[in-house]
Amino acid sequence: MPNKLTWLTLGLPLAALAGLSLSACKILPTPSAQGGGSDNSSAFNPDKRVKDIWASKVIPYLQQKAGPFAEVHALAKTDPAAAGAKYGNPKKQANSPWTFAVRVEGKIIAANTQSRAATIDVDVDGDGKADARVQIGPAMRGTAIRDSLDFVQFNDFTNQIDFAQFGKAFNAYADKMVLSKLSRDGLEGRTAKVLGAYTIESAQNLPLVTPAEAEIGPKP
Amino acid sequence: MKLTRRMTLAAFAGVLALGGAMPAYAADLIAIITPSHDNPFFKAEAVGAEAKAKELGYDTLVLVHDDDANKQSELIDTAIGRGAKAIILDNAGADATVAAVQKAKDAGVPSFLIDREINATGVAVAQIVSNNYQGAQLGAQEFVKLMAEKGNFVELVGKESDTNAGIRSKGYHDVIDDYPDLKMVAQQSANWSQTEAYSKMESILQANPDIKGVISGNDTMAMGAYAALAAAGRKDVIVVGFDGSNDVRDSITSSGIKATVLQPAFAQAQMAVEQASDFIKNKKSPEKEKQLMDCVLINGDNAPKLETFALKN
């Protein structure tokens, strides 16, 4: 503020002349322009955040929530809402498909290790046909692990970019800690034991499971 | 800043007094503000929102900001001045828009954002956006498959001020960069524009005749790029877009562009109007401000079912 006398003598006529005099107003940054309470993008470190919650929250949540693949998938096909309530993330986006926590245990009957997006096809019910396709990295599709967690909300992120980076960080962490250590040779015929998540997609394709934990048994 | 507010209000009072010819029984007004309708995507949004608003008994005010944040700010003033009860907005910049939407909120007009996010929460009532990352991953996976996991490619990026440009590029790269035999030889912004994409593609092609694919941040740029490739006799180059426009649908069905990703623009705009109406009539906000709608891959298999940014059954 200029001194009071100046303002009184000059301010009023000036204001009248200029229509609106902003000379006495202080320009302050709009607080909302700074992202109102959500994370500051520059400080957002998705890899660290995943590392911090992986063992303490992610794995316990999936262990507690996951059902055997055959059960989850059968219910998902007949009654997606019921399957969602039991194995899914109840706080998912209203317009998104369900993502379920699952355990996949069975025999590997096919493996694609030629592609960077390597996968194993697992038969869980012993009929000799593949029931689920499990991603074993290093390239992985989707954000199933992130989307299965009821404590991760899009609303808590500044924008889709941060949310996406967080989703990718789960896959990268699983690859680094678990999948990169798995054997890639002679996978057919061996057993697989996986804890992970999958999102309901088109009916034609095998359900694509993203692992958080995975073990491959010895060669038969 | 009280003085400014009072002056503005006085100005509006003047406008209202002059507008005395307006019938007293006029229905509540919903303003629908989007980028230019030159891009059929934004036109579909405006058409979808307008149809739903009329169906629910509202008058509409349809405006375009041409991706100009200053113009957008003026249009918000117009909407406030005209006494709009809600604003449906596909905005002109994630940062620049925050203040404009705040201004509307301060004047008691709630905003319902579609398509593009802003970098703040608690200012708009709703932000309903396509899951651009999920969509970009679908597009990139199809691109990787079409490219057989190897070869040189070009990326055309959208307008930098729009979060969607960055998120789609990120979604593309999070998939493509996992394949070391896929090499990006050029990455340029064509600002969502068909003509700009045409000229950029021409010069990129001169410098890099050995390209095998082009992945584009939206359909209008994909159309521009494909036209340039066709003009140079390079229809063999694999082009993938994003949006799901009728133009690209027609190109896919006539073996031109290979794939795109459908954003449910029409449904999204209608959903925003429904939420706005619920807010106006029942003072009810949607459960979540930020809402994601999943995208769908469009290729030769389902392209014939695509019509005005929606899939027919």
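Angles under 35 degrees count as roughly parallel, over 145 as roughly antiparallel, 65 to 115 as roughly perpendicular, and the rest as oblique.

Some ground rules. This is a predicted model: local features need pLDDT of at least 70, side-chain atom pairs count only at pLDDT 80 or more, and totals for chains, interfaces and linings use all residues. Residues are numbered from 1 along each chain as its sequence is written, while chains are lettered from A and ligands numbered from 1 in the order in which they are written.

Helices first. Here, helices (H or I, at least four residues) and strands (E, at least two) are DSSP runs, numbered from the N terminus. In chain B, helix H3 (residues 69-81) packs on helix H4 (residues 96-106). The angle is about 10°, and the axes are 10 Å apart. Axes are lines fitted to C-alpha atoms, for helices over the stretch in contact, and angles run from 0 to 180 degrees between N-to-C directions. H3(B) and H4(B) are therefore roughly parallel.

Which residues of H3(B) and H4(B) meet? H3(B) brings B:Ala69, B:Gln72, B:Ser73, B:Ile76, B:Ala79 and B:Ile80. H4(B) answers with B:Ala96, B:Thr97, B:Ala100, B:Lys103 and B:Ala104. Contact requires C-beta atoms, placed from the backbone, within 7 Å.

Now the sheet, also in chain B. It is open, has 6 strands and parallel pairing, and the order is E2-E1-E3-E4-E5-E11. Pairing takes at least two DSSP bridges between two strands. E2 (59-64) and E11 (290-293) of chain B stand at the edges with a single partner strand each, so one side of each has no neighbour in the sheet. Neighbouring strands are turned by 15° against each other on average, direction ignored.

Zoom in on one pair. Strands E4 (residues 111-114) and E5 (residues 126-130) of chain B run parallel, joined by 3 bridges. B:Leu113 has B:Gln127 in E5(B) as its bridge partner.

Last, the backbone. Most residues other than glycine have a negative phi, and most peptide bonds are trans. B:Ser255, not a glycine, has a positive phi of about 60°. B:Ser255 lies in the loop between helix H9 (246-253) and strand E10 (260-262) of chain B. With 9 C-beta neighbours inside 10 Å, B:Ser255 counts as exposed. The cut-offs within 10 Å, with C-beta atoms placed from the backbone: 20 or more others is buried, 12 or fewer exposed, in between partly exposed.

One more, in chain A. The peptide bond from A:Gly137 to A:Pro138 is cis, with omega near 5°. A:Pro138 sits in strand E4 (residues 132-138) of chain A.

Terms used:
Two residues are in contact if their C-beta atoms, placed from the backbone, lie within 7 Å.
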